[in-house]
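Reader: Could you walk me through the charges and polar contacts of this structure?

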Amino acid sequence: MPRRRTSLKRKRADKKRHLRNLKIKKQLKATIKKFQSLLSAKNVSEAKALLGKVFSQLDKAAKKRIIHSKTADRKKARLTKRLNRPA
């Protein structure tokens, strides 16, 4: 258990940051799942519209270092590849 005031403050700040990061990750995962469900339901036009939102969320998460930038790039590439794959 931390004793110093700065350690206690750091612990509080870490908890807030952790919760904020979890919220962003959950939103990102939900959007990706929605995109994949649109693709599996053959709604390509709606999936294309949603792809921009997915890219935006991935870029923001990478910018805030919630996920690694190369992870975001890899996910974007795979989602685009899946969208453009012939049915």
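Reader: Glad to have it on screen; what is the distance between the closest N and O atoms in the salt bridge of Lys 76 with Asp 59?

Author: Happy to start there, with a word on the source. This is a predicted model, in which local features need pLDDT of at least 70 and side-chain atom pairs count only at pLDDT 80 or more, while totals for chains, interfaces and linings use all residues. Residues are numbered from 1 along each chain as its sequence is written, and side-chain values use heavy atoms, with hydrogens and water left out. A salt bridge is a side-chain nitrogen of Lys or Arg within 4 Å of a carboxyl oxygen of Asp or Glu, and the closest N and O atoms of Lys 76 and Asp 59 are apart by 2.7 Å.

Reader: Which helices hold Lys 76 and Asp 59?

Author: Helices here are DSSP runs (H or I, at least four residues; strands are E, at least two), numbered from the N terminus. The pair links distant parts of the chain, 17 residues apart. Asp 59 sits in α2, residues 44-63, and Lys 76 in α3.

Reader: Is Lys 76 buried or exposed?

Author: Buried means under 20% relative accessible area, exposed over 50%, and partly exposed in between (1.4 Å probe, protein chains only). Asp 59 has 38% relative accessibility, so Asp 59 counts as partly exposed. Lys 76 has a relative accessible area of 17%, so Lys 76 is buried.

Reader: Which helix supplies the largest share of the positive patch?

Author: Patches are made of residues with over 30% relative accessible area and no salt bridge, where like charges are joined within 9 Å and nonpolar side chains (Val, Leu, Ile, Met, Phe, Trp, Tyr) within 5 Å. The positive surface patch includes Lys 25, Lys 33, Arg 74 and Arg 85. α1 (5-40) and α3 (69-84) each supply at least two of its residues. The largest share, 5 residues, belongs to α3.

Reader: What is the relative accessible area of Lys 33?

Author: Lys 33 is one of the residues of the positive patch and is found in helix α1. Lys 33 counts as exposed because its relative accessible area is 59%.

Reader: Which side chain makes a polar contact with the side chain of Thr 31?

Author: Thr 31 lies in helix α1 and is buried, because its relative accessible area is 9%. A polar contact is a pair of N or O atoms within 3.5 Å; within protein, one must be able to donate a hydrogen and the other to accept it, and residues adjacent in sequence count only if both atoms are side-chain atoms. A polar atom of the Thr 31 side chain lies 2.8 Å from the backbone oxygen of Gln 27. The side-chain partner, at 2.9 Å, is Gln 57.

Terms used
Areas by Shrake-Rupley, 256 points an atom, 1.4 Å probe, with all protein chains shown as cover. Lys, Arg positive; Asp, Glu negative; His and termini not counted. Charge placed at Lys NZ, Arg CZ, Asp CG, Glu CD.
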